[in-house]
Amino acid sequence: MAQTQTVTDTGIAELILLWREESATGMESIVALEMATPCTAAVGSTFADPADTAIHHTDSGLELAAIDTVGGDTTNTAGDTITFDHIFTATATKNVAGIHACNNDDDVAFVECCFNAVIAMEDTDTLTIDGEVVVDQA
Amino acid sequence: MESSINRGSFRATVEAEHRDGYCENCEAALEKEFYMDGERKRVRMICPKCGGQGRLIAKSVSIQAPSPPQCVRIKCLVRFASAIAFCGLLTIYHRKRFTYAERNRHKKIPQKYRTGENSPTNIRQAIFAIIKLTIIGGTRQWHKLKLSQTPG
């Protein structure tokens, strides 16, 4: 399976909440997805129900954590891009099939990514995530 | 007259770099370091002694689908079909390359399979690269099978 990544429906709904001046949340957390085979990212995935049969890692350095850096950037028009970087450091042998970039309440997954293949992490291995979302794709 | 300007969709891009936790130069344990890349604050794992990084195991690549054709002439459609075919082949190449690099994390393999750089740039190159990866990946598996079946 190719690497797939997408902004989820719930991520867009959260953005619309902001435009409506309703209570909305920002990108702040990240978690690795656990699955024995590669998953396929889907727009309908949610924080509680990731792609395919993937589940969130809950330990070993791959669990939900604050994203190391979140920033803004420009791709086509000024300020149309959000960037995020994070490093997971594994403390045990685990499979990682993808990631969820989530909100600060930890109940909305903004971005879901499923890697080209399952990453076999061993103790002390690091996984550096370099992500961006371009909203204005003129 | 009513009119609206349609904007494109959201585009997410994610790259993941899998490295081991020890410096490739001096074997020291790595530490997390924040740094500025232009105006962007970034993070990396770096050796506190020599500034080296961990050994790269595999790096994923995000492939975006080609833009839809802007005209309906045969030439445009053929060009679009060709771009779609190349995108599909490139996807297969990177999947095979990534899997091969992960399976051979402790072995010496060409660095291009770990980094994803120097990837095919046209359909012909992609086909040859996929065949090559299938052969070398398959040969290793066949060799392992043969060894495991050897009595004693």
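Predicted model: local features only at pLDDT ≥ 70, side-chain atom pairs only at ≥ 80, totals over all residues.
Strand 5 of chain A and strand 6 of chain A, the latter covering residues 81–89, run antiparallel and are joined by five bridges. Within this pairing, G71(A) stands opposite T83(A) of strand 6.

Five strands make up an open sheet, and their order is 5(A)-6(A)-9(A)-1(B)-4(B). The pairing is antiparallel. From one strand to the next, the twist averages 20°.

Helix 1 of chain B, residues 74–103, lies across strand 1 (11–23) and strand 4 of that chain. Its direction is at about 145° to strand 4 of chain B.

Over all chains, the structure holds one aromatic pair. The ring centres of Y100(B) and Y113(B) are 5.5 Å apart and the ring planes stand at 90°, so this pair is edge-to-face. The two residues come from distant parts of the chain: Y100(B) belongs to helix 1 of chain B, whereas Y113(B) belongs to helix 2, residues 111–115, with 13 residues separating them. Y100(B) is buried, at 8% relative accessibility, and Y113(B) is buried as well, at 3%.

Chain B also places charged groups over aromatic rings. The charged end of R44(B) sits over the ring of Y35(B), at 3.9 Å from the ring centre. K41(B) lies over the face of F34(B), with a distance of 4.9 Å to the ring centre.

I turn next to the cysteines. How many disulfides does the structure hold over all chains? There are two.

One of them joins C39(A) and C114(A), with the sulfur atoms 2.1 Å apart. The link bridges distant parts of the chain, 75 residues apart: C39(A) is in the loop between strand 2 (27–34) and strand 3 (55–56) of chain A, and C114(A) is in strand 8, residues 109–121. Is this disulfide left-handed or right-handed? The torsion about its S-S bond is about -110°, so the C39(A) and C114(A) disulfide is left-handed. C39(A) has a relative accessible area of 0% and is therefore buried; C114(A), at 0%, also counts as buried.

In chain B, a disulfide connects C71(B) with C76(B), at 1.7 Å from S to S. This link is right-handed, with 80° about the S-S bond. C71(B) is partly exposed, with a relative accessible area of 22%, while C76(B) counts as buried at 16%.

Other cysteines of chain B deserve a comment. C23(B) takes part in no disulfide, and its nearest cysteine sulfur, in C50(B), is 3.4 Å away. C23(B) is buried, its relative accessible area being 0%.

Notes:
Residues numbered from 1 in each chain as written. Chains lettered and ligands numbered in written order. Heavy atoms only, no water. Disulfide = S-S within 2.5 Å. Helix = DSSP H or I, 4+ residues; strand = E, 2+ residues; numbered from the N terminus. Buried < 20%, exposed > 50% of the residue type's maximum accessible area, 1.4 Å probe, protein only. Pairing = 2+ DSSP bridges. Axes fitted to C-alpha atoms, helices over the stretch in contact; angles between N-to-C directions. Contact = heavy atoms within 4.5 Å. Phe/Tyr/Trp six-rings, centres within 6.5 Å; stacked < 30°, edge-to-face > 60°. Lys NZ or Arg CZ within 6 Å of the ring centre and 35° of its normal.
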